[in-house]
Amino acid sequence: MSKKFNVGMIGYGWAAGAHIDAINATSNAEVTAVYSSRKLNDAELSAKHGRPMKSYTDLDALLASDVDAVDISSYPSQHKDQAVAAAKAGKHIILEKPMAMTLEDCRAIVKAAADNKVKGCVCFECRFSGQFTGTKALLDEGLLGDLHYGEIDYYHGIGPWYGQFRWNTFKKDGGSALLTAGCHALDALLMFMGNDVEAVSSISTKSKSEIFAPYEYDTSSVTILHFKGGRIGKSAAIVDCLQPYYFHTHLVGSHGSLLDNKFHSAKLHTNKAGWSQLNMKMLDSGDVSDHPYQTQFQAFFDALEAGKDMPLTSFAESLKTFEVLFAADKSAEEGGRLVKLSELA
Ligand SMILES: NC(=O)c1ccc[n+]([C@@H]2O[C@H](COP(=O)([O-])OP(=O)(O)OC[C@H]3O[C@@H](n4cnc5c(N)ncnc54)[C@H](O)[C@@H]3O)[C@@H](O)[C@H]2O)c1
């Protein structure tokens, strides 16, 4: 293609910085504009990112400009209004997680995009990581057989050392352990097990450490998932731990198991008494500069060019993860009651 997609950033914080570099590194898109509540200097902005860029403090003005797509990396409670406005303006949308703070708002975004025929991509970028594309390839080769149990857990202590702590501690923008960050692990579990979840049960608690005392909501939760056909799963979302970042992945099937980067496969006749090793880059950091945004955004702009939906993280696909997530949070609020997905209005 000769002309690149012009992208306008909505929000100019930490994640936005990593997104700009990733978009500019794709072959067919570049960031040409930024909307921020702060007044930015266009010359400084352009010099910093190595190309002409225009800044706006009025969202409507950005949406009236010639950008083809927007990238929403603002506070989570702003996502819904900004995404709906962008869809109505006919702009394609990259949307940081969480999609929005309520299921109703997530659905409103998906509907606005469909009504206005724009494409969406949710930043569940872990689906494009070396660890999870490698894991998925192993499953697709049938090396573990049919999965009947899976657990993927998210351990990342989000304390004062992590920039977003200043707003993440409040219910308004943090929401729950699952909404604020554990959604990545739940989403990965659904990628591997399928998203045909029938019911969930979740319970939650919080650390006694003073470090995490500012949180207005429970910062550790564990969810049990009942999949169609009797398969079961578990996902823990722990944002108040003091340990290295860790994405615990354990998948168990009829022909073998995978534990993080280790596996046993009866199909390969490996020795069941010891794990065989997979050499892949592990998800071991909460630093956005280390996240596979570029691979994900390249896939998005390639899909736009082909007039197709985003693979793996389209709005419709990601909405399924948020349906399970909001059912889990409802269960936790009700002390762990089994909540059927069919109960969601
Ligand atoms: N997918 C991931 O792994 C991942 C990782 C980090 C953040 N995120 C998401 O990205 C979004 C933004 O998070 P973040 O970590 O970039 O937060 P951030 O605090 O750096 O930025 C959040 C918002 O604050 C604004 N902002 C920042 N500094 C400001 C200032 N001095 N004055 C006025 N406004 C200012 C930004 O423009 C942005 O709208 C959230 O939705 C978050 O959940 C996702």
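Modeller: The answers below take up those topics one by one. This is a predicted model, in which local features need pLDDT of at least 70, side-chain atom pairs count only at pLDDT 80 or more, and totals for chains, interfaces and linings use all residues. Residues are numbered from 1 along each chain as its sequence is written.

Colleague: At what angle do helix 1 and helix 9 cross?

Modeller: The axes of helix 1 (residues 14–24) and helix 9 (residues 293–306) cross at roughly 55 degrees and come within 8 Å. Helix 1 is therefore oblique to helix 9. Angles under 35 degrees count as roughly parallel, over 145 as roughly antiparallel, 65 to 115 as roughly perpendicular and the rest as oblique. Axes are lines fitted to C-alpha atoms, for helices over the stretch in contact, and angles run from 0 to 180 degrees between N-to-C directions. Helices (H or I, at least four residues) and strands (E, at least two) are DSSP runs, numbered from the N terminus.

Colleague: Which residues of helix 1 and helix 9 meet?

Modeller: From helix 1, A18, H19, A22 and I23 meet Y293, Q294 and F297 of helix 9. The residues of this contact between helix 1 and helix 9 divide into five nonpolar, two polar and no charged.

Colleague: And how do helix 8 and helix 10 cross?

Modeller: Helix 8 (residues 177–193) and helix 10 (residues 315–333) have axes that come within 10 Å and cross at roughly 120 degrees. That angle makes helix 8 oblique to helix 10. L178, L179, C183, L186, D187 and L190 in helix 8 meet K320, T321, V324, L325, A328 and D329 in helix 10. The residues of the contact of helix 8 with helix 10 comprise eight nonpolar, one polar and three charged.

Colleague: Turning to the ligand, how many residues surround it?

Modeller: The ligand is surrounded by 21 residues, and the closest are G11, G13, W14, A15 and S74. The shell around the ligand divides into eight nonpolar, nine polar and four charged residues.

Colleague: Now the strands: how many bridges join strand 7 to strand 11?

Modeller: Strand 7 (residues 147–155) and strand 11 (residues 246–253) run antiparallel and are joined by eight bridges. E151 has H250 in strand 11 as its bridge partner.

Colleague: What joins strand 11 to strand 12?

Modeller: A hairpin joins strand 11 to strand 12 through two residues. Strand 11 and strand 12 (residues 256–259) run antiparallel, with four bridges joining them. The bridge partner of L251 in strand 12 is L258.

Definitions and conventions. Two residues are in contact if their C-beta atoms, placed from the backbone, lie within 7 Å. Ala, Val, Leu, Ile, Met, Phe, Trp, Tyr, Cys and Pro count as nonpolar, Asp, Glu, Lys and Arg as charged, and the others, Gly among them, as polar. A residue is near a molecule or strand if its C-beta atom, placed from the backbone, lies within 6 Å of it. Two strands pair if DSSP finds at least two bridges between them.
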